[in-house]
Amino acid sequence: LVYRIVDERLIVIPASRKVALRFCVEQDIDSHILRMSKLASWLNSLARLNPAWSGGVRLAKRWVSAHFLADMLTDTTVEVLMARIFSNPREFGYTPVTPASALYRFLELVSSHDWNEGPVIVDADMSNSSSRNQLPPLAVITPHDPSPSYWTKPGPSWTQLQRFISLAAASLKLAQSDTEELLKIEKMFTPSLDSYEFLINLNPSMIPNKHLKVARIHKIASERGEEEAKSKSKQIPVLDWNP
């Protein structure tokens, strides 16, 4: 076993597993906080200038989570990718004015960029001097990188990146199809489970956030009457319960 002592915590790593850890200790804490504050300030300026930014980022994060990609794509990775769309909209013709159009541009950027050739450069006035093999597979260069593609490290492997690209391309193709709008949205945010050999089916009544499921958008109108009827019940609801 390999172990690390971080502050008052003991982290034990089995020798058979390769784990990537990034943390800040002692004198590095101040510099890391400063870097994060500069990045947050820059992203906040984009949000103030572009009303569609906030909704677009939330939609992109929801899409990433819906397709089980959140473990390899951090929130910051999604945000710096979205920053590319709003910082240099000329590549796509215009600046997104709605969250939905921002999501479509996000999917287009991911699926059309040549990740083997080079990184995504957020600011058109910037250049990249690092060789491709020195950067992670999903490489994004921002004006506030302490080191090249700092905010996307360690990121997905090449195999995981290819899956990310394939899912983005499939969702973009669906978005551009003639499918009925509500059904199109449902399919875009519904993952394919065909490749899984083992599935666990949960009891819907035991899932406290089932109302957030995208597939329910077709049922909202019909269920509204039922919910109003239930609200008249004398039963006391249980809040903040997550089994």
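1. **The model.** This is a predicted model, in which local features need pLDDT of at least 70, side-chain atom pairs count only at pLDDT 80 or more, and totals for chains, interfaces and linings use all residues. Residues are numbered from 1 along each chain as its sequence is written, and side-chain values use heavy atoms, with hydrogens and water left out.

2. **The fold.** The protein has seven helices and four strands. Helices (H or I, at least four residues) and strands (E, at least two) are DSSP runs, numbered from the N terminus. Along the sequence the pattern reads β-β-α-α-α-α-β-β-α-α-α.

3. The protein has 243 residues, and 32% of them count as buried. Buried means under 20% relative accessible area, exposed over 50%, and partly exposed in between (1.4 Å probe, protein chains only). Now take contacts (heavy atoms within 4.5 Å). Among those between residues at least 6 apart in sequence, 57% join residues at least 24 apart.

4. **The core.** A nonpolar core is a set of buried Ala, Val, Leu, Ile, Met, Phe, Trp, Tyr and Cys residues joined through side-chain atoms within 4.5 Å. The largest one here has 45 residues. W63, L81, M82, F106 and F164 have the most contacts inside it. Two or more residues each come from α1 (28-49), α2 (52-66), α3 (75-87), α4 (99-112) and α5 (158-175). Beyond its neighbours within four places in sequence, M82 touches W53, G56, V57, A60, A102 and F106.

5. **The α4 and α5 pair.** How are two packed helices described? By the angle between their axes and the distance between the axes. Axes are lines fitted to C-alpha atoms, for helices over the stretch in contact, and angles run from 0 to 180 degrees between N-to-C directions. For α4 and α5 the angle is about 135 degrees, and the axes are 8 Å apart. The two helices are therefore oblique to each other: under 35 degrees is roughly parallel, over 145 roughly antiparallel, 65 to 115 roughly perpendicular, and the rest oblique. On the α4 side, the contact includes Y104, F106 and L107. On the α5 side, F164, I165 and A168 are among the residues taking part.

6. **W42.** This residue sits in helix α1. Why does W42 count as buried? Because its relative accessibility is 14%. Leaving aside neighbours within four places in sequence, W42 contacts A83, S87, V122, T142, P143 and H144. W42 and P143 are 101 residues apart in sequence, yet 9.1 Å apart in space, C-alpha to C-alpha.
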